[in-house]
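Dear colleague,

Please find below the structure that I promised to hand over to you.

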Amino acid sequence: MRKDVRILLVGESKVGKTSLIMSLVSEEFPEVVPYRAEEITIPADVTPERVPTHIVDYSEAEQTDEQLFQEISKANVICIVYAVNNKKSIEKVTSHWIPLITDNTDKDNRVPLILVGNKSDLVEHSSMETILPIMNQYSDIETCVECSAKNLKNISELFYYAQKAVLHPTGPLYCPERKDMKPLCVKALTRIFKVSDLDNDGILNDNQLNFFQRTCFNAPLAPQALEDVKNVVRKNVSDGVRDNGLTLNGFLFLHTLFIQRGRHETTWTVLRRFGYDDDLELHQDYLFPQLKVPPDATTELNHDAYLFLQGVFDKHDKDRDCALSPEEVKDLFDVFPYMPWGADVSNTVCTNDKGWITYQGYLSQWTLTTYLDVQRCLEYLGYLGYSIVAEQESQAAGITVTRDKKIDLQKRQTQRSVFRCNVFGDVCSGKSGFLQAFLGRNLMSQKNIREEHRSFYAISTTYVYGQEKYLLLHEVFPDNDYLSDADLACDIVCLLYDVSNPYSFEYCAKVFKQYFMDSKTPCMMIAAKSDLPEVKQQYGCTPLEFCRKHKMPPPQSFTCNTAAAAPSRDIYTKLTTVAMYPHVSQADLKSSTFWLRASVGAAMFAVLGIAMYRVLLKPR
């Protein structure tokens, strides 16, 4: 909502501009009228719209043309005053004042105009017959008010309409020539309808309509009022009501009706509640609420945000197969101004046999976005209407900012749910295969991935001691001449070499010595392509000796070249465990008992998790 309103009164001399202002302020007609009233500010608490209002007078006798032009440029609304008993002052509205204002305002941002017929106490007839053709000719004219400064007739109404023209302008909403809403208004209201249609069946049932009413107007509709609304729609729009619920066409018709009947403040209240500004764009403060993230903290979705996103998934998973088809993904993001997910998302998270993003993959992608770019996540949640549906102040309420990692190390425990593993390795060492194997894809299925759809991230869940955690793998380009802070910032480092390439290990050793030897970030060596014959690495010591020397766990064998089954996930459980417990001693990391406890815990809770998920799916 605008912070204040500036109203400028212009018109020929002696039409009563100053008298109108003084009658409003003193609530009586002034005996002595100066050439020009001083600028008056009406406090917010005494105006119907609760907005401070500045009223500015113009006097040809006291002001220059330059001063007039400056006032026109500063005004939010301009009242062109004429005397109903003076034909010349009416003629000047079109011959002088409207052209003057048009020439001194931006054509793409016209100021609303109000025609004010003063001195109605001096005539018995109305000037509306003369004024209506003028209103039809100029779309900038919001309304016309006949009043009397002497009798105090319609004075407060005049300034209320002026406020309303600024705070609830008709221009962005409605085209009077076509007698229909403008495309941007239709687009905004369509998004609002789709956000409010919580079950995505194309209608707003009584519960959804009442939720909408409470959200926008802080009060539900009485049952009879609901029926009256639907009856009005039924009489005017053939497909406006279906299954006793309001369709999109019915919803749009109602708002067209509100605007045509001068109740455009109703439509503006709805638009502003759903985040729109005066230009019918989503406001930056709505899309990007304030969220402070300290340098050593990370960002995660909290329980409420996951519940909301689960609801969005259920809403669009029409065939109930626990995956989103390309059509369902398109439908889900129909409330966005662009498609936020590209083809690479299918190679970043888990998919089903058809390549469709699964329920788990969907939540994983949201988790990844939140971790890597929380501002983008806030924007996305804004498009989906998180603050509306979840009844929160803003999207920021759905984000958890984790504490500094140093505190986790001191306390030897963490509340974080997402752990980042940066994967280093030379060209063709098997990094991409390692990432895809985490998503359950063996070497054969990876061959179907097109190069332009390749992803340098993979994210999914693992279980560590019965706790579900997200592991985020990031493939780092093999350029050890320069690694950015982002390449180095992680919870665990994965150094991956090809056992069949004698020169592959050397790269891992160089990266470790240059960047991580003196770091507190734990590292793990991965002996990839272990299904191939192992060759001696052309380096000063063997990988095992290197790991012993630098107090790392021994190299972990890994292959994604499995026949029909998905590759083993044991290594990912180990990576997540070390990321969660970086303080664990190297002796424990080498202990088979330690890994057995972690693996058994992971397997047991994975089975329980699947069982619980199947129970939850039944009502979905």
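A word on names comes before anything else: helices (H or I, at least four residues) and strands (E, at least two) are DSSP runs, and they are numbered from the N terminus. This is a predicted model, in which local features need pLDDT of at least 70 and side-chain atom pairs count only at pLDDT 80 or more, while totals for chains, interfaces and linings use all residues. Residues are numbered from 1 along each chain as its sequence is written, and side-chain values use heavy atoms, with hydrogens and water left out.

**Helix α1 and the residue after it**

Just after α1, Glu27 takes a positive phi of about 60°.

**Residues in loops**

Asn218 has a positive phi of about 60° although it is not a glycine. This residue, Asn218, sits in the loop between α7 (206-217) and α8 (223-236), and Asn218 is exposed, with a relative accessible area of 70%. Lys529 also has a positive phi, near 55°, and is likewise a residue other than glycine; Lys529 lies in the loop between β20 and α22 (543-549), where it is partly exposed at a relative accessible area of 28%. Thr64, in the loop between β3 and α2, is partly exposed as well, with a relative accessible area of 43%. Thr64 and Gln260 are 196 residues apart in sequence, and their C-alpha atoms are 39 Å apart in space.

Strands of a sheet pair through backbone hydrogen bonds, either parallel or antiparallel. An open sheet of six strands has the order β17-β18-β16-β19-β20-β21, with mixed pairing. At its edges stand β17 (457-464) and β21 (556-557), each with a single partner strand, so one side of each is left without a neighbour in the sheet. Strand β16 (residues 418-424) and strand β19 (residues 492-498) run parallel and are joined by four bridges; in one of the pairings with β19, Cys421 has Ile492 as its bridge partner.

Two helices lie across this part of the model, and their angles run from 0 to 180 degrees between N-to-C directions, with axes that are lines fitted to C-alpha atoms, for helices over the stretch in contact. Helix α14 (residues 359-372) lies across β16, β17 and β18 (467-475), running at about 65° to β18. Helix α21 (residues 504-516) lies across β16, β19 and β20 (523-528), and runs at about 155° to β19.

**Pocket and cavities**

On a 1 Å grid over the protein atoms alone, a cavity is a set of points where a 1.4 Å probe fits but cannot get out, whereas a pocket is an open set with protein on both sides within 12 Å along at least five of seven lines, and lining residues have an atom within 4 Å of a point. Grid points are joined across faces, edges and corners, and a volume is the space filled by probe spheres set on the points.

The second largest pocket has a volume of about 1,500 Å³. Its lining has 48 residues, of which Ser139, Glu142, Thr170, Gly171 and Pro172 lie nearest its centre, and α5 gives the most to this lining, with four residues.

The structure also holds two cavities of 30 Å³ or more. Of the eleven residues that line the largest cavity, the closest to its centre are Asp408, Arg416, Ala579, Met580 and Pro582, and about 70 Å³ of space lies in this cavity. The second largest cavity has about 30 Å³ of space, and helix α3 (residues 87-103) gives the most to its lining, with three residues.

With best wishes

How values were computed. Pairing = 2+ DSSP bridges. Contact = heavy atoms within 4.5 Å. Buried < 20%, exposed > 50% of the residue type's maximum accessible area, 1.4 Å probe, protein only.
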